[in-house]
Amino acid sequence: MVIKVAEWWDKIRAWLTGGDKLVSETSRIPLQGYEHDVLYLQEQLGHAPDFAAREFRLGVNGSRVAALYLRSLADEKSIANSIIMPLSSIAALVDIATRNTSVDAVRNLLSSASVADLSDLGAAMERILLGETVLLAEGLKVALVVGTRASIGRTTSTPEIETTVFGPKVAFVESLETNLALIRQQVPAPTLRIETFDLGRRNPRRAMMFYLTDLATRETVAEFRQKIKDIDVGSLLETEYLHTLIGKSPWSPFPQAIHTERPDRVSGNLLEGRIALLLDGSPEAMILPTGFSDLFQSPGDYYEHHLVTTLMRALRMVAFLLSTTLPAFYVAITTFNYEVLPTDLLFAVASARAGIPFPPVIETVLMLVLVDILQEGALRIPAKIGQTVGVVGGFVLGQAVILARLVSPLLVIVVSVSVISSFATPDYRVVGLARLLRYTLLAAAGALSGIGIAAVWVGVVIHMASLEILGVPYLRPLAPLRLSSLSDFVFRKPYRSADPRQAKRLREES
Amino acid sequence: MRVRNRLTSFQHGVLIIGALIANGIFSLPRVAAQDAGRSAWVVVAFAGLVLLIVALLSNRLASYFPEEDPAGWGLRLMGPIVGRVWLLLYFLKCCFFIVLTMRIFAAIITNRMLMHTPSSVLAGIVLLLSVLAAVIGISGLARFAEISFMVWLPFMLLVVATLLRGHLFHLQPVIGDTDLSALLAGAKSAAFSFAGFDILLFSYPHLEKPQNSARAVFWAMVFVTAIYTLTTVAALAFFGVEHLTRLLVPTLVMLSIAETSVIERFDSLALFMWLGMVVVTSGTQLYMGTRLIQGLIPKANFEKTAVFLGAFLLVSTWGETPLRRLITFADYFGTFDILFVTLSAVLLLPLAYFVNKRERRLGR
Amino acid sequence: MITARRLLVLTLTICSLLMTGCWDALPVEKRIFATAIGLDWVPEQPHLTVTVIHPLMEEKRARENRVLTFRAHSFGEALAMLHHSSGQQLSLGVLSVIVIGRQAAEQPLSSFVNDLMAHPDLRLGAYVLVASGTAQELLAVTPPDHQRIAVHLRDVLHRAVRRSDAPATTLYDFVTHVMTPGADAITALLSPIGTLEHRPPPGQGAEGAGGGGQQAEGGGKNALPSPPPEDVQVVGAALWQGDTMVGELTLPMAQHVFVAMGIADAMLMKVLFAPDERFFPGGSVMTLSIEGARADWSLDLAEGRPHYTLRLDVRLSLHNYAGTVDLSKQENSELFEKIIASTFEQNMLEALQRLVSTGSDALSLGQLVRLKYPAEWDSKGWRDQLKTATFDVQTKVEIRNMGLQLLRLEPVDK
């Protein structure tokens with residue numbers, strides 16, 4: 001009965017979302033002749049002020065040809081040089097006159113490097129919307145698509161979030177072609193495979209999947225490819241959308257992919273056998289499969305001495321623990337398990353708390369909420385008044401609350417350390433995760449002391465143990481423990497003994 | 001929610017360790033010393049070595065069915081009636097184990113830390129976490145066991161390190177203080193601490209390399225026996241047998257005495273870290289219980305069954321039972337558990353051998 | 001799967017609701033932390049006096065101690081009175097010292113220990129001390145540098161332990177010894193003393209200098225009030241037999257016992273040497289620095305009387321040998337070592353005899369009997385048997401550093 005109800009629901013939903021039909025209809029419209037096709041496209045796109053339909057003849061008096069494109073996206077100079085001029089020149093006429101008008105003949109005349117055939121109008125419309133030019137000619141049974149997309153936006157950029165002291169200072173931009181070029185520069189390997197997909201039913205966006213055929217496992221690539229093909233959404237504006245669609249568990253707050261703005265990081269991960277995905281319009285790449293330990297690795301780790309890197313990685317993990325657990329630990333100690341602290345420290349804590357009107361858990365929640373509000377506000381505050389507001393916020397939180405005896409000075413230190421520690425991890429998504437965990441642990445500590453903290457952590461570890469990204473366990477290399485993989489976990493081995501085996505380890509774990 | 005099932009040998013070993021070490025170690029030195037006196041550590045070592053043999057026999061039994069766990073081969077081996085009875089007994093044993101594990105841990109916490117918190121709340125939390133651990137499947141459970149093991153190990157080493165502050169005369173004479181019957185009684189009392197290694201029957205079919213299973217089982221049992229023995233030695237040397245037999249949970253007392261300049265007492269921290277191992281133990285038993293239900297009711301869905309079993313056992317968290325009584329009951333239960341597993345291994349092994357031989361002859 | 005997930009969510013919700021009880025939540029500033037407990041016995045009225053020292057938590061008076069004294073029949077009753085009078089929960093998790101007054105120590109303390117051990121968060125690492133007078137008097141001392149008295153007592157004991165002048169007997173050690181026949185406890189004996197440090201008179205003291213001490217009252221109108229005791233010192237060791245104190249040793253005797261226990265490291269021992277023609281014509285008190293001592297015990301049992309042989313290997317340095325003999329010569333140093341060994345043996349015998357005469361088996365001599373002669377071991381009759389024990393001490397001394405040798409100085413004619 002459950003199955004029947006589900007079937008009926010699917011039918012009702014399909015009926016309600018009639019837009020699906022429209023998409024499916026337009027995607028299956030075959031070419032029916034020059035005039036019909038041109039008219040059709042003009043009807044569909046003619047309302048747009050930047051739509052252009054340039055009609056001319058092959059040679060002087062040859063067949064009619066229409067070049068349809070969007071002025072805002074296509075490079076008109078390229079259209080003129082690579083399409084209109086060659087096709088309308090006398091030489092073209094001579095060439096065509098001696099042969100029948102055919103696709104090959106026309107294609108040979110075009111001086112563009114990218115020319116493809118299309119046989120349905122829906123696809124043709126999509127390509128026009130991507131900035132390419134569609135050529136329809138009398139006598140031709142196919143439409144030709146010529147790559148004429150203009151470069152819009154930034155050419156290259158410097159990293160804004162993942163900054164490093166050493167190493168390249170280049171970041172991805174919104175243009176997929178530019179990003180492709182950046183990766184090609186980093187990985188000029190013949191084994192680099194790039195697969196292209198168009199994602200999104202309403203607003204298709206081009207996506208590219210990168211991997212090295214000799215390092216990535218076939219099964220992982222196949223699984224990833226299938227996941228991408230299974231994506232069925234209206235539109236995708238950012239790679240972050242893909243995170244929940246491709247990831248193992250959409251409800252999990254744990255980042256299940258690395259998002260990076262750095263081409264060097266992508267290339268490093270490709271050389272470890274991972275797969276990267278880039279989406280047109282997004283300046284971030286998504287890298288899979290990833291594990292929890294990868295979130296604590298910075299691209300700059302490979303540009304510094306390996307012992308320094310080891311120390312930094314260890315510090316990041318400690319910082320993550322501090323950022324999530326320190327406020328909860330403070331509450332547990334001051335409310336339940338005071339005996340853990342050394343005696344003198346305990347008396348200092350108790351003295352600091354004397355006269356505070358709120359219980360420790362309320363006091364801590366208040367401070368954390370205030371700090372989080374300040375953080376959120378700082379993201380959106382105009383630069384001109386940002387400094388002033390920052391000073392006021394710092395004064396209020398740092399001094400006024402203590403003077404007013406609303407919170408204890410020790411708590412201000414605890415909360416500050418906790419918040420600042422969350423930014424010590426290279427991956428910004430971990431900051432959000434740390435916030436979520438912080439409040440959960442705090443609530444648990446307030447109710448059940450350290451056992452509450454332990455219970456939440458046990459639940460978190462169980463959840464992480466259940467996650468597998470493209471067949472690779474999320475807790476690798478600790479669980480399952482593989483000693484060979486530990487060489488790039490916290491401790492980083494010197495470069496000469498790294499890399500080629502990394503991919504092998506990843507293959508073993510998947 | 002279930003993950004792909006492949007276990008490494010290390011995971012196999014850690015799963016066995018996690019299934020064995022939970023609450024029993026807190027009271028093990030006292031329980032063994034009550035009967036065996038100063039020879040308590042000898043009987044613990046002896047019990048461990050005997051059960052190592054039983055574990056290896058169980059491993060051999062599992063190796064005859066490399067694709068199935070007892071839920072699969074139970075009926076095939078023993079027939080529909082005897083097989084079902086056996087599965088049902090096994091299932092009940094698992095349920096008791098889960099209830100005891102969570103109740104004892106909850107009682108220890110309420111005794112030492114949270115005096116006014118109802119132990120049913122704490123037991124409920126342990127049960128909930130165990131359900132979560134069981135539902136993610138054997139691979140996920142093994143990964144969780146690995147992490148718990150790594151977190152727990154430093155505290156165990158801290159317990160063993162208190163041996164340095166003990167007195168040698170508390171350990172002497174090694175044998176000679178008590179008679180053989182008292183030694184055997186001590187070994188029997190220590191049984192509860194060794195209960196749980198039969199998880200290997202359920203994890204065997206998921207191994208990457210089944211040929212390494214015996215080695216993993218061997219080292220896991222040796223490790224647990226070593227830890228238990230060293231803990232008993234440390235407790236005896238530290239307290240002496242007269243004082244030791246008056247302490248309900250001597251292992252925790254030893255941890256409470258360990259001090260550093262940064263942390264003055266480790267017993268509270270140890271209890272927090274111990275939660276992971278307790279969840280591994282009860283999680284493995286819950287996993288086994290769920291699989292056994294699937295053996296009795298083949299169409300049962302794993303996740304739903306695990307959740308329903310957890311919900312059913314939630315009833316058992318109600319009420320307050322004194323810790324001493326729980327530990328006493330656990331000692332009796334441990335004897336039953338070990339007897340059940342030992343008899344199963346000993347009786348089913350030759351049966352499995354012949355069934356396996358016959359099936360191979362028939363070309364299956 | 002949907003059903004299972006809903007059930008899980010429901011269970012999670014129920015558990016979350018159950019967790020909001022916060023049954024044991026009690027902020028740290030609302031507790032009474034007992035840092036020291038004193039136990040006195042009032043023989044005129046059969047009561048225990050329990051003194052609890054706890055530091056006040058208000059900001060300005062953070063270093064003050066508050067002394068709460070209760071008279072009760074048992075420790076448990078005293079704690080109940082404390083809870084009733086203060087309305088606050090007593091926490092023993094930071095207990096540093098347990099001071100037992102002299103008279104209280106001479107009573108059986110099992111019930112006190114039982115009541116104490118029943119407290120759930122008791123810190124078992126608290127030190128057990130005996131006060132030469134009353135515990136109240138010792139806890140009334142105002143330590144230097146305005147330290148908390150419990151912390152000061154703990155520090156004094158730590159320093160004494162490092163000098164091997166006192167054993168580090170914690171509560172769990174004490175209880176183990178109480179319960180183990182043939183191994184009794186030995187604890188430090190402390191006494192309040194005056195100090196050379198200048199202190200402003202009471203009432204003109206710096207803020208926070210007050211303690212809850214009792215002012216001693218002088219007799220007569222014109223008599224000057226005697227100053228309150230201002231420091232504590234280790235003056236010896238208290239000897240226990242089970243749960244009762246049966247005797248004490250002076251500090252020099254206690255040091256010899258510690259050497260016999262093998263726990264003498266960096267100990268400074270003052271030894272009186274009898275006159276010797278060559279080395280000490282008029283006798284001498286020398287300071288020896290015991291750098292290490294190895295003690296090997298052996299036992300013979302004859303007709304129920306234990307005879308112990310103690311072989312000692314002692315490494316020491318001299319600090320103030322004032323004589324005319326050139327100790328750098330081997331024959332001189334060997335002879336000197338023999339003299340020191342002989343004096344050492346005599347003092348050791350005296351200390352051991354004193355020890356066993358009280359019936360206290362602080363050296364765990366009974367354990368040797370239990371191990372070597374299990375058939376003859378009688379745990380109940382051991383205390384009497386111990387008093388009949390005889391000793392033979394054989395000492396080998398090695399002087400590592402001869403120290404400053406002063407020759408007689410003759411006045412120089414100018």
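Modeller: Two residues are in contact if their C-beta atoms, placed from the backbone, lie within 7 Å. This is a predicted model, in which local features need pLDDT of at least 70 and side-chain atom pairs count only at pLDDT 80 or more, whereas totals for chains, interfaces and linings use all residues. Residues are numbered from 1 along each chain as its sequence is written, while chains are lettered from A and ligands numbered from 1 in the order in which they are written.

Biologist: In chain C, what percentage of the contacts with a separation of 6 or more is accounted for by residues 24 or more positions apart?

Modeller: The secondary structure of chain C comprises eleven helices and 14 strands, where helices (H or I, at least four residues) and strands (E, at least two) are DSSP runs, numbered from the N terminus. Of its 414 residues, 39% count as buried, that is, with 20 or more other C-beta atoms within 10 Å of their own, C-beta atoms being placed from the backbone, whereas 12 or fewer makes a residue exposed and anything in between partly exposed. Among the contacts of chain C with a separation of 6 or more, the share from residues 24 or more positions apart is 75%.

Biologist: Which residue takes a positive phi in the hairpin of β9(C) and β10(C)?

Modeller: Strand β9 (residues 231-241) and strand β10 (residues 244-250) of chain C run antiparallel and are joined by six bridges, two strands counting as paired if DSSP finds at least two bridges between them. The bridge partner of C:G236 in β10(C) is C:T250. With two residues between the strands of this hairpin, a positive phi near 70° is taken by C:G242.

Biologist: What is the radius of gyration of chain B?

Modeller: Chain B has 15 helices and zero strands, and its C-alpha trace spans about 65 × 45 × 30 Å along the principal axes. The radius of gyration is taken over C-alpha atoms, and the globule rule is 2.2 Å times the number of residues to the power 0.38. A compact globule of 364 residues would therefore have a value near 21 Å, which agrees with that of chain B, 20 Å.

Biologist: Which element gives the largest share of the side of chain B that touches chain A?

Modeller: The contact takes 33 residues from chain B and 27 residues from chain A. On the side of chain B, the elements that give two or more residues are α1 (9-20), α6 (119-135), α7 (137-161) and α13 (267-296). The largest share, seven residues, comes from α13(B).

Biologist: How many residues of the side of chain A that touches chain C are nonpolar?

Modeller: Here 19 residues of chain A are in contact with 20 residues of chain C, and the largest share of the chain A side, seven residues, comes from α13(A). Ala, Val, Leu, Ile, Met, Phe, Trp, Tyr, Cys and Pro count as nonpolar, Asp, Glu, Lys and Arg as charged, and the others, Gly among them, as polar. By these classes, the side of chain A has two charged and six polar residues, and the nonpolar ones come to eleven.
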